[in-house]
Amino acid sequence: MGRGFFLGNELMAYAAKAAGASSFYAYPGTPSSEILSSFQKYAPERYAQWALNEKLALELAAAAAISGSVSACAMKQVGLNVAADPLFSVAYTGVSGALAIISADDPGPHSSQTEQDSRMYAYAAKIPVTDPANPADAFRLTKKAFEISKKYGVPVMVRPVMRVCHSRQSFDLPEETEAPRHGRFVKDPSRWAATPKHRAALHIKLTEKLKEIAEDFYSELEIKPKAPFAVVACGYPAAVCADMKDRFEGSADFIKLDMPYPIPEGLISKIENSYEKILVLEETFPLLERSFVTRNRVYGKDTGTVPSAGEFTADSCENALNLFMEKKPENKKIYAPAETAPGPKPRLCAGCGHRSAFFAIKRAAPSGIYPGDIGCYTLGTNLKAVDTCICMGASITFAESLKRENPEKPVICTIGDSTFFHTGIPALLNAKINGSPIAVAILDNATTAMTGFQPVPHAEGHITIEQTLKGLGINSVTVIDPYDIKASVAAVKAAIAAAKEENCPAVVIFRRECVTKTKMKAGKPPKVNPGCTDCGMCYEVFECPAITFNGETVEIDGASCNGCLCCVEVCPRGVIAEDK
Amino acid sequence: MRCVICGRGGQGVITLNYLLGNLASALGYETISAETHGMAMRGGSVYTTLKIGKAMSASIGAGEADLLLSTDSGEVERCLRFLSEKGVIITDGFYEGGPFEIINVDAGKAAAGKFGGVMHAGAILLGKTIARFPEIFHPEKSVRILAQNKKLNQQALLFGLGSDL
Ligand code: SF4
Ligand code: SF4
Ligand code: SF4
């Protein structure tokens, strides 16, 4: 394979191949999305699947590993919330092949609802977790995770953060990879179908195994104090800190721990007894920090030495080191304005069908409540057409309950096609059987756009959204092209009326492929006639990024305009017109 | 060498980061970079970081960068805090200010006018960067390595490398 400049996500996928994984399951989510597609690239002959959601992905991988195979699953941190149920249970049963669970965290957060720490799930579920510092480390620690899993028969988590997943590093891919390992299912009901009685026994076994794993993993780590202090770090902060070693060399020893849980008790007390004080660096929860018992000599998040929220950066590292070593900060010359204007906010692309769908929804029910969901279309907040955004699938449940609490208001929720299949289906069924008169807009762009255009369940013709809705007992279903704003407004109005009439959810499917995926232009850019009053409707409210106001009138950037002609309908003065 | 590459989502910041990092890696340097995907790619401000030479992480602190490479002069200011006082700014469009060496390049215009579209502005900026740091990138070697990249507009690259814009 040779040398290259690889993403952390690519190297974790390659590590799975190298460890003999015969199958890999995932649901896309930033920053984890490229792991499965990389596995497909490096091991096209092995089995890879985009599952409908993370719970399914984890269960599918777990069953393969219980059947004696080597398997893996990948997800983002909030996806692990969805998969938490099987996670806790499989921790007890263990596996007979090997199972690595890659859960990618997003401190910042850059593209998530929370900054939660997946390692806390490993801790709570009692499974080992490795915490890589950079892409090369991610390769090594993913392989290590499979090794531990094979040797001890427990699932093992790998927890990279975004700065590991989406870092690239020069790396030599090893030629040697293990052949994919397939096993056969061996019945053992006391394990695979354990009743509560057997569960207690499994729990005891697991606890014992964790002790062994901790001792085994750290058997080669020696603590040889040279300096009075210690900086103990794991994961990405260890990489940031390692690059600043010159600032504390001599006064503090640097100890990098690759597996924050489980940790041998002896190692913790050895570190405590060897140093006057200890700084702990990790993301995002003080898991390792709280493993120390002599709290008054341990510095980190709990002491405010390291910020408790937000991403760990070179600057926060330097600041923490200064506080810990009681050093004055260096006087650096920075030539930057104290404050810069906020950057342009993210927007839906020019010609995105979501934009006109939101516009139509608002026009159809200006006083409505608009629960939203997770995807590109969360950006409907810019158009004031998304009032809530909680988690995957919550648009429909929120619509049901908000309608019950606010019966006088029309409630129209928006959910993407991929999100609908992820967790929207049970939510819609619940709304149906509980007689909820809500309008549900399914934004069908035929891809999982936000995370890099992964395929959607209805892409290959095995199922359609309409068939699914039929099965859920939804009778009022309209399919509409959101570029046709007039018809879209009418369809939303009709859905609101039908929902009220039948005491049942009514669905509008806005069907328009993601233009950024297809790279297709819908037509010619429209022309701008005189008469613009700078009302801001097209470039501010509708916020098509191809339209700008030049001080006198609007300009349409021919290169980025998609030719969807929605702005023609949007301009109240008829200034923008089709260029026939 | 520490670089910060910035611009707006959709302008090819991540591609430029990849091209430069991959080139450095192919030249034999240990190289590490950090990208931002997801929400930030939908037209918002984006920046990536790149370290050429031995490093464990791509994180860059205030005042540490040697190069600020920008696909959009409007975004330069937002990343200025990273730049060392001896740092170099290479940007599309026009920027002035600070004690820095500034190389303004009308890359977008040149790409659209001469090379078939603004998407080739990155190749021009890449050429400029190689030309400005010959001791790191060895222009002849770089051109040979980059010639293997079929997606890269070679004319735009050479234009960036050679001529004064
Ligand atoms: S990527 Fe596709 S779905 Fe997302 S905003 Fe752009 S056009 Fe819309
Ligand atoms: S036709 Fe109008 S709304 Fe559509 S992309 Fe072009 S400028 Fe934007
Ligand atoms: S919507 Fe029409 S009148 Fe209003 S700013 Fe745009 S072009 Fe001008």
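Predicted model: local features only at pLDDT ≥ 70, side-chain atom pairs only at ≥ 80, totals over all residues.

Residues are numbered from 1 along each chain as its sequence is written, chains are lettered from A and ligands numbered from 1 in the order in which they are written, and side-chain values use heavy atoms, with hydrogens and water left out.

Start by colouring chain A by domain: 2-217, 229-324, 353-518 and 527-577 are domains 1 to 4 (bounds from an automatic or database domain assignment). Between domain 2 and domain 4 of chain A, the C-alpha centres are 54 Å apart.

Now select ligand 3. Its shell holds 13 residues, with A:Cys532, A:Cys535, A:Gly536, A:Cys538 and A:Cys571 the closest (a residue counts if one of its heavy atoms lies within 4 Å). Helix 20 of chain A, residues 537-541, gives the largest share, three residues (helices are DSSP runs of H or I, at least four residues, numbered from the N terminus).

Hop to ligand 2. Among the 13 residues around ligand 2, the closest include A:Cys544, A:Cys561 and A:Cys564.

Last stop: the cavities (sets of points on a 1 Å grid over the protein atoms alone where a 1.4 Å probe fits but cannot get out). There are four of 30 Å³ or more. To find the largest, select A:Cys352, A:Gly353, A:His354, A:Asn445 and A:Cys514, which lie nearest its centre among 22 lining residues (those with an atom within 4 Å of a point). Helix 14 of chain A supplies the largest share of that lining, three residues.

Note on methods. Helix = DSSP H or I, 4+ residues; strand = E, 2+ residues; numbered from the N terminus. 1 Å grid on protein atoms, 1.4 Å probe; cavity = no way out; pocket = protein on both sides within 12 Å on 5 of 7 lines; lining within 4 Å. Points joined across faces, edges and corners; volume = space filled by probe spheres on them.
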